[in-house]
Amino acid sequence: MAEPVSCRPLDPTSNAVTELASLFELYRIHYGQAPATVATQAWVGDTARSRELTFYAAYHGPRMVGFAAIHQIPASLRLGRFWQLRDPFADPTMRRQGIARLHGAFSSFRATME
């Protein structure tokens with residue numbers, strides 16, 4: 001992989017949501033769910049726009065090759081927040097090329113959401 005992989009927050013109002021939904025469909029299929037392209041597109045769009053989950057995308061050049069979601073959970077004992085990393089996924093055609101190293105990058109974006 002000559003080009004570096006970068007990670008950035010996904011704008012829930014952008015066309016990137018469509019690209020995310022395509023990858024999310026592969027994620028669902030990978031975990032045994034039946035394809036549901038229209039429902040996946042709607043769910044990803046609604047969830048991203050509502051900010052119930054905040055999505056981060058991994059890009060290899062202009063192509064989205066992975067994603068993860070972060071869910072904010074109240075932490076009552078800390079009187080603050082807990083950030084849960086959810087659904088990390090890399091495009092199967094890009095696996096074993098270092099994308100998983102971005103796990104830390106996805107997590108580090110937590111600070112940008114406070």
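Which residues does Glu 25 touch, not counting residues up to four places away in sequence? Glu 25 touches Pro 35, Ala 36, Thr 37 and Thr 40, where contact means heavy atoms within 4.5 Å.

This is a predicted model, in which local features need pLDDT of at least 70 and side-chain atom pairs count only at pLDDT 80 or more, while totals for chains, interfaces and linings use all residues. Residues are numbered from 1 along each chain as its sequence is written, and side-chain values use heavy atoms, with hydrogens and water left out.

**Figure 1. The whole protein.** The protein has 3 helices and 4 strands, helices (H or I, at least four residues) and strands (E, at least two) being DSSP runs numbered from the N terminus. Along the sequence they follow the pattern β-α-α-β-β-β-α. Of the 114 residues, 38% are buried; buried means under 20% relative accessible area, exposed over 50%, and partly exposed in between (1.4 Å probe, protein chains only). The accessible surface comes to about 7000 Å², and carbon and sulfur atoms account for 54% of that surface. Accessible areas come from the Shrake-Rupley method with a 1.4 Å probe, and for residues only the protein chains shown count as cover. Among contacts with a separation of 6 or more, 55% are between residues 24 or more positions apart.

**Figure 2. The largest nonpolar core.** A nonpolar core is a set of buried Ala, Val, Leu, Ile, Met, Phe, Trp, Tyr and Cys residues joined through side-chain atoms within 4.5 Å. The largest one has 18 residues, and the members that touch the most others are Leu 10, Leu 20, Phe 55, Met 64 and Phe 67. At least two residues of this core come from each of helix 1 (16-30), helix 2 (37-50), strand 2 (54-60) and strand 3 (63-75). Helix 1 gives the largest share, 7 residues.

Figure 3. The expected span of a helix is 1.5 Å times one less than its number of residues. The buried residues of helix 1 are Ala 16, Val 17, Leu 20, Ala 21, Leu 23, Phe 24, Glu 25, Tyr 27 and Arg 28. Their cover includes helix 2, strand 2, strand 3 and strand 4. After helix 1 comes Gly 32, with a positive phi near 90°.

**Figure 4. Glu 25 and Arg 28.** Glu 25 has a relative accessible area of 8%, so the residue is buried, and Arg 28 is buried too. Their side chains form a salt bridge (3.5 Å, N to O); a salt bridge is a side-chain nitrogen of Lys or Arg within 4 Å of a carboxyl oxygen of Asp or Glu. Both residues lie in helix 1, 3 residues apart, about one turn of the helix. An α-helix has 3.6 residues a turn, so residues three or four places apart point the same way.

Figure 5. Helix 2 has 14 residues and reaches 20 Å from its first C-alpha to its last, close to the expected 20 Å. Thr 40, Val 44, Gly 45, Thr 47 and Ala 48 are its buried residues, and what covers them includes helix 1 and strand 2. Within helix 2, Arg 49 and Asp 46 lie 3 residues apart, and their side chains meet in a salt bridge (3.0 Å, N to O). Asp 46 is partly exposed, at a relative accessible area of 47%. Arg 51 follows helix 2 and has a positive phi, near 65°.

**Figure 6. A salt bridge between strand 3 and a loop.** The structure holds 3 salt bridges, one of which joins the side chains of Arg 63 and Asp 91 (2.7 Å, N to O). Arg 63 is in strand 3 and Asp 91 is in the loop between strand 4 (80-90) and helix 3 (103-108), so the pair ties together parts 28 residues apart in sequence. Arg 63 is partly exposed, with a relative accessible area of 34%, whereas Asp 91 counts as buried at 9% relative accessibility.

Figure 7. The structure holds 8 aromatic pairs. Rings of Phe, Tyr and Trp (its six-membered ring) pair if their centres lie within 6.5 Å; planes under 30 degrees apart count as stacked, over 60 as edge-to-face and the rest as tilted. The ring centres of Tyr 27 and Phe 89 are 5.7 Å apart and their planes stand at 75°, so this pair is edge-to-face. Tyr 27 lies in helix 1 and Phe 89 in strand 4, so the pair ties together parts 62 residues apart in sequence. Tyr 27 and Phe 89 are both buried. One aromatic cluster is formed by Phe 24, Tyr 27, Tyr 31, Trp 43, Phe 55, Phe 67 and Phe 89.
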